[in-house]
Amino acid sequence: MIDRSFKGLVSEPRTIDVEKGQLKFFAKATGETNPIYFDEAAAKAAGHPALPAPPTFTFSLALGAPPAKGNVLGDMGVDLRRILHGEQSFTYHHPIYAGDAITLTTTTSDILDKKGGALEFVVQDTRAVNQAGILCTEMRVVTVVRNG
Amino acid sequence: MTIDTDALAGLQIGSRLPDHVQGPITRGTLALFAGASNDHVQLHIDSDYAKEAGMPDVFGHGMLSMAYLAQLITHWVPQERLRTWSVRFTAITPLHATVHCRGEVVDLFEEAGERRARLSIGAETGDGTKTLDGEAVITIS
């Protein structure tokens, strides 16, 4: 069972660069055909200052800059063979672009169990703020741990 | 590439997004996505590890299917119109599966001074197994 003292924990802020090359790689890996996601000229022609990060990319930024405190894949001590992604949501306030430096702060909002502890759910909320201090994305990740 | 403002203004409850299909998901797809998405969980890239964990083989990242589902939306309207969305992962996406994404307008409403549409969205594999189920809110004005 996960130590319930992680509930309510707020991670340290951590900052990660949004790299143009990684956005192009992400577009390739997801079979993207819309050129605004991999061709800077197309992005600019569509009114973007640089390549935009696609809708789910904040999740990748968070994986690229995991917290030391309150990491479901780290200090929570979870068996990584027994995890599943349960739910995922994003709310957008401002776009993220190649060249941004995004600061992430993650709150472990809840830890609960179902089926007599056979399943545990870790609910984590991350805020992504850009180099100008503008809130870009709010993201919720629900990770499921199979203990049964 | 995406629909224009006049077409958005004509949306009705029941309007469907153009279907979006990706895959089949190969081991190569999973290797590339692991690297590109920073998701290094071994269940998706190492068959020995996955089998030792009790799975039949490596399987698709939930976030790979969610990235495909994002394309359903962003190939239809510019990403800036997407306000919020959420999904539940209801089944694992197995190796070699194709991912069929679908969306439909289920509500039209005013919020935060905008005209908005709520979409029911989801994905399923080629054999009809529902893998993602959720909703999205876009602005149409």
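Guide: In chain A, the centres of domain 1 and domain 2, taken over C-alpha atoms, are separated by 25 Å. The domain bounds come from an automatic or database domain assignment, which gives domain 1 of chain A as 4-18 + 61-146 and domain 2 of chain A as 19-52. This is a predicted model, in which local features need pLDDT of at least 70, side-chain atom pairs count only at pLDDT 80 or more, and totals for chains, interfaces and linings use all residues. Residues are numbered from 1 along each chain as its sequence is written, while chains are lettered from A and ligands numbered from 1 in the order in which they are written.

Visitor: How many residues does each domain of chain A bring to the contact?

Guide: Two residues are in contact if their C-beta atoms, placed from the backbone, lie within 7 Å. Here domain 1 of chain A supplies six residues and domain 2 of chain A supplies eight residues.

Visitor: In which sense do β5(B) and β6(B) pair?

Guide: Strands are DSSP runs (E, at least two residues), numbered from the N terminus, and two of them pair if DSSP finds at least two bridges between them. Strand β5 (residues 99-111) and strand β6 (residues 114-125) of chain B are antiparallel, with twelve bridges. Two residues lie between these strands in their hairpin, where B:Ala112 has a positive phi of about 55 degrees.

Visitor: Which residues are bridge partners of B:Glu124?

Guide: B:Glu124 is the partner of B:His100, and in β7(B) its partner is B:Lys130. Strand β7 (residues 130-139) of chain B runs antiparallel to β6(B), joined by nine bridges.

Definitions and conventions
Helices (H or I, at least four residues) and strands (E, at least two) are DSSP runs, numbered from the N terminus.
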